[in-house]
Amino acid sequence: MSELNQMSNQAPASPERRRFVGVATAAAGLAIAPGVMLVEVAHGRPEDQAASSAVRWGMLVDATKCATGCNDCVTACSTENGWTPVAESAHPKQAPQWIRKLELQDPLTQMETNLPMMCQHCAEPPCVDVCPTGASFKRADGIVLVNRHTCIGCRYCMMACPYKARSLVHESLNDTQKPDVPRGIGCVESCTLCVQKVDRGDGNTACAEACTAAGHDALLFGDMNDPESEISKRLRELPTKQVRADLNLNLGVRYHGI
Amino acid sequence: MASITFREVEGSSLKYWLLFGGLGLFVLFGALAWNHMHHYGHVVTGMDNQIVWGLPHVFAVFLIVAASGALNVASIASVFNKPMYKPLAPLSAILSLALMLGGLLVLVLDLGRSDRLIVAMTHFNFKSMFTWNVFLYSGFFVLVGAYLWTMLDRNVKTYSKTAGTAAFIWRLVLTTGTGSLFGFLVARELYGTAMLAPMFIIMSFAYGLAIYLMVLAAAYAWTGRTLGDAVMMRLKTLLVVFVAAVLYFVVVHHMTNLYFTKYHAVEAFILRDGGIFTTLFWVGQILIGCVVPLVILLSKLGTQRTWIMVACALVVVGGVAQMYVTIIGAQAYPLDMFPGLIESSSFYDGVVHSYAPSVPELFLGLGGVAIALLVTVFAIKVLRLLPASLDDATVAKLEH
Amino acid sequence: MKRLLALGAVVLTTAALAWAGSDDQPKAGGAPKPVITKAVKGEQCVEPTDTMRRDHMKFLDHHRDQAVIEGVRTKKYSLKECINCHASETTGSVAASKDDFCVSCHSYAAVKIDCFDCHSTKPQGSAAMHPLNAETAHYKHKLAAQAASKVSAEEMAGVAQ
């Protein structure tokens with residue numbers, strides 16, 4: 001079933017993708033550093049080229065570097081994507097939160113851990129499985145998104161998500177959206193890995209940029225399929241875990257220090 | 001076999017139109033509630049990003065489950081060849097269609113974008129249980145509609161058994177689908193089990209029959225027709241079996257969970273520490289919904305018409321409580337992303353979520369109930385669904 | 001299914017009629033003609049005007065599916081580019097007041113658009129120039145951040161070309 005899903009996801013893009021993969025492979029054969037080549041292709045994807053499954057965008061969260069009380073990633077996300085921070089919302093329980101700081105404590109050892117929690121961009125996303133209209137989908141490059149043109153607001157995906165990553169927009173946004181980030185009443189939304197930035201070629205997300213700017217370096221965004229990317233190198237060295245690994249969803253967000 | 005005369009109800013009395021108008025009023029309230037929710041968004045409801053499915057889903061799922069169960073009597077008649085149930089079958093079919101309609105309307109009018117219903121009818125993801133249910137519900141209308149037709153039209157009467165069997169199988173699959181809406185959710189501790197499918201089926205038997213009995217008794221009492229004890233006692237016994245089976249499934253479900261340590265916390269929440277949910281479970285679902293009706297129906301009280309009605313009403317109330325616990329209780333318990341650790345965040349991680357239904361939600365739900373009853377009340381006026389008499393002598397003739 | 005749809009439609013229509021009663025209805029015969037303002041930027045649209053008038057929704061629909069599902073972000077036929085050129089000089093928007101580009105025609109033709117339930121009606125970077133857009137105080141720091149960001153400067157440059 002999952003193969004089927006993947007196939008249908010890629011089907012429309014396949015001629016493009018094949019061409020791309022072909023070019024990439026040829027280049028890899030010739031180039032001395034094929035990884036660099038791939039990174040370049042991935043980051044500088046021309047605007048008329050579809051997202052490719054040769055890339056898998058992901059994030060490494062180093063919980064040991066995540067500072068207690070620091071909320072910079074959350075603020076950066078809300079600024080980039082235009083959602084109202086929960087503290088400023090008139091309806092905090094109904095306010096969307098694309099990313100949040102989670103504080104964990106072991107009741108026995110008193111050990112405390114801090115980490116950002118958001119959409120984990122599963123390779124086998126339960127939200128995509130349950131969506132009746134196919135509005136919840138995984139893009140070829142591994143980013144899990146909601147197509148708001150077909151989302152009917154049934155909230156089944158919110159029931160299915162093991163990470164409580166999704167929010168429903170409960171009220172009209174009155175044209176306060178960012179031109180780059182459409183979002184609206186009655187539709188479900190979640191972290192998009194800053195897909196607008198990725199497609200623009202920024203090669204980074206707002207949260208990771210903010211974390212680096214704050215000097216914490218707890219967030220690293222990159223292509224997990226490219227063995228030479230910074231994230232792949234770090235993932236090879238650092239022991240990481242997936243949240244609720246028991247569900248075997250193959251997450252795009254990996255945590256160190258949990 | 002003796003023949004039975006079916007006749008429309010007169011439906012011209014003041015009482016009939018008062019009932020009709022009263023139900024219509026609730027349908028209107030439901031429409032206004034939907035309009036309010038649609039205009040302002042879900043911000044005017046008690047639902048939030050923690051409790052994403054609220055009271056409308058409790059009503060919708062209850063009605064859909066009961067709809068499938070209301071078809072029981074008809075199935076027994078044609079699939080299992082019990083002639084005594086034959087005269088009861090047309091009401092069973094129409095009630096089942098009406099309840100399904102009410103439930104579905106509540107379900108679709110609670111969508112965040114209920115204006116995009118057409119999208120749900122044109123875009124399908126076949127891995128989604130929801131998509132399957134769209135087809136199961138549509139098929140239900142077609143099959144039960146056809147079945148009703150075979151009952152009402154002499155020309156196609158020979159197909160009655162085929163249509164009845166198809167409808168019977170379909171509605172078993174349908175309730176399996178409804179149960180699986182929850183059963184196929186891996187994230188929530190109280191869901192994610194195949195138990196939910198058979199449990200929903202047996203619950204549908206009980207809730208559907210309880211509603212059917214009440215509608216049947218009311219229709220006969222208010223139209224002055226005779227409804228003999230033979231029918232009542234037979235259906236009562238059936239209800240006892242179904243309610244007892246529901247109790248059995250609920251006990252097995254929770255006992256199984258209690259055996260696994262990882263479910264201890266969520267079971268403790270529902271069974272002991274859950275506040276309103278614990279109360280609704282023990283008092284609503286178990287006591288009112290199962291134990292008291294069983295005591296009434298099995299004791300001397302069960303021979304009196306009034307007490308049978310009380311028992312049916314209690315089963316329905318218990319059923320709504322069960323849906324509330326199943327749907328909202330399971331969401332109120334926080335997701336356990338990091339087993340063994342205490343979680344806290346601005347997004348209410350690690351805390352029990354509270355839920356207070358708003359007035360529009362309640363009226364949307366009641367609107368669904370009202371539309372189901374309104375359709376039934378109207379249908380028995382325009383179609384020959386009810387036997388002119390179900391006195392013991394008439395019924396006894398059928399048995400031979 | 002038809003039965004369900006039909007019954008559903010009856011209920012919905014009843015509710016909708018009840019609702020519509022409270023809205024302003026255009027007076028029969030006297031409907032004001034739409035105001036079609038020439039685009040602020042550029043001389044010619046991506047297709048001849050006649051084609052655009054008739055088929056703009058087809059271009060937009062096709063483009064939106066490619067953009068959202070496949071990540072093809074070409075500028076031609078992108079709603080963002082429509083807004084970049086057609087936003088009104090006075091409101092800075094294509095749908096803020098009744099004479100703005102999209103709304104003007106659509107209310108005349110009585111075709112409901114729900115693009116702007118989700119999409120911003122203003123070009124990128126314009127929000128700061130139109131302080132009226134900032135409905136709530138909390139939004140101001142975001143406007144400032146947006147105006148100062150590298151991204152919006154680039155976008156503006158792109159638009160200027």
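In this predicted model, the largest nonpolar core holds 209 residues, and B:Leu63 and B:Ala206 are the ones that touch the most other members. The element that gives the most to this core is helix H8 of chain B, residues 196-223, with 18 residues. When the neighbours within four places in sequence are left aside, the contacts of B:Ala206 are B:Gly69, B:Leu239, B:Phe242, B:Val243, B:Val246 and B:Val315.

Chain A comprises 258 residues, of which buried residues make up 55%, and its secondary structure consists of nine helices and nine strands. If one considers the contacts in chain A between residues at least 6 apart in sequence, 64% of them join residues at least 24 apart.

Within chain A, three strands form an open sheet with the order S8-S1-S9 and mixed pairing. Its edge strands are S8 (219-223) and S9 of chain A, each of which pairs on one side only. Averaged over the sheet and with direction ignored, neighbouring strands are turned by 20° against each other. Helix H9 of chain A, residues 230-237, packs on this sheet and touches S1, S8 and S9 of chain A, and the direction of the helix makes about 115° with that of S8(A).

Strands of a sheet pair through backbone hydrogen bonds, in either the parallel or the antiparallel sense.

| Strand pair | Sense | Bridges |
|---|---|---|
| S1(A) and S8(A) | antiparallel | five bridges |
| S1(A) and S9(A) | parallel | four bridges |
| S2(A) and S2(B) | antiparallel | four bridges |

The contact between chains A and B involves 48 residues of chain A and 38 residues of chain B. On the side of chain A that touches chain B, at least two residues each are supplied by strand S2 (99-105), helix H5 (126-130), helix H6 (156-160) and strand S6 (167-168) of chain A. S2(A) gives the most to this side, with six residues. By residue class, the side of chain A that touches chain B divides into 25 nonpolar, 13 polar and ten charged residues. S2(A) also takes part in the pairing between the chains, where its partner is strand S2 of chain B, residues 342-345, and in that strand B:Ser345 is the bridge partner of A:Leu102.

As to confidence, chain B has a mean pLDDT of 93, and 99% of its residues reach 70 or more. Within chain B, the confidence is lowest in helix H14 (residues 392-398), with a mean of 84, and highest in helix H11 (residues 276-298), at 97.

Definitions and conventions: Residues are numbered from 1 along each chain as its sequence is written. Chains are lettered from A and ligands numbered from 1 in the order in which they are written. This is a predicted model: local features need pLDDT of at least 70, side-chain atom pairs count only at pLDDT 80 or more; totals for chains, interfaces and linings use all residues. Two residues are in contact if their C-beta atoms, placed from the backbone, lie within 7 Å. Ala, Val, Leu, Ile, Met, Phe, Trp, Tyr, Cys and Pro count as nonpolar, Asp, Glu, Lys and Arg as charged, and the others, Gly among them, as polar. Two strands pair if DSSP finds at least two bridges between them. A nonpolar core is a set of buried Ala, Val, Leu, Ile, Met, Phe, Trp, Tyr and Cys residues joined through C-beta atoms within 7 Å. A residue is buried if 20 or more other C-beta atoms lie within 10 Å of its own, exposed if 12 or fewer, and partly exposed in between; C-beta atoms are placed from the backbone. pLDDT is the predictor's confidence in each residue, from 0 to 100. Axes are lines fitted to C-alpha atoms, for helices over the stretch in contact, and angles run from 0 to 180 degrees between N-to-C directions.
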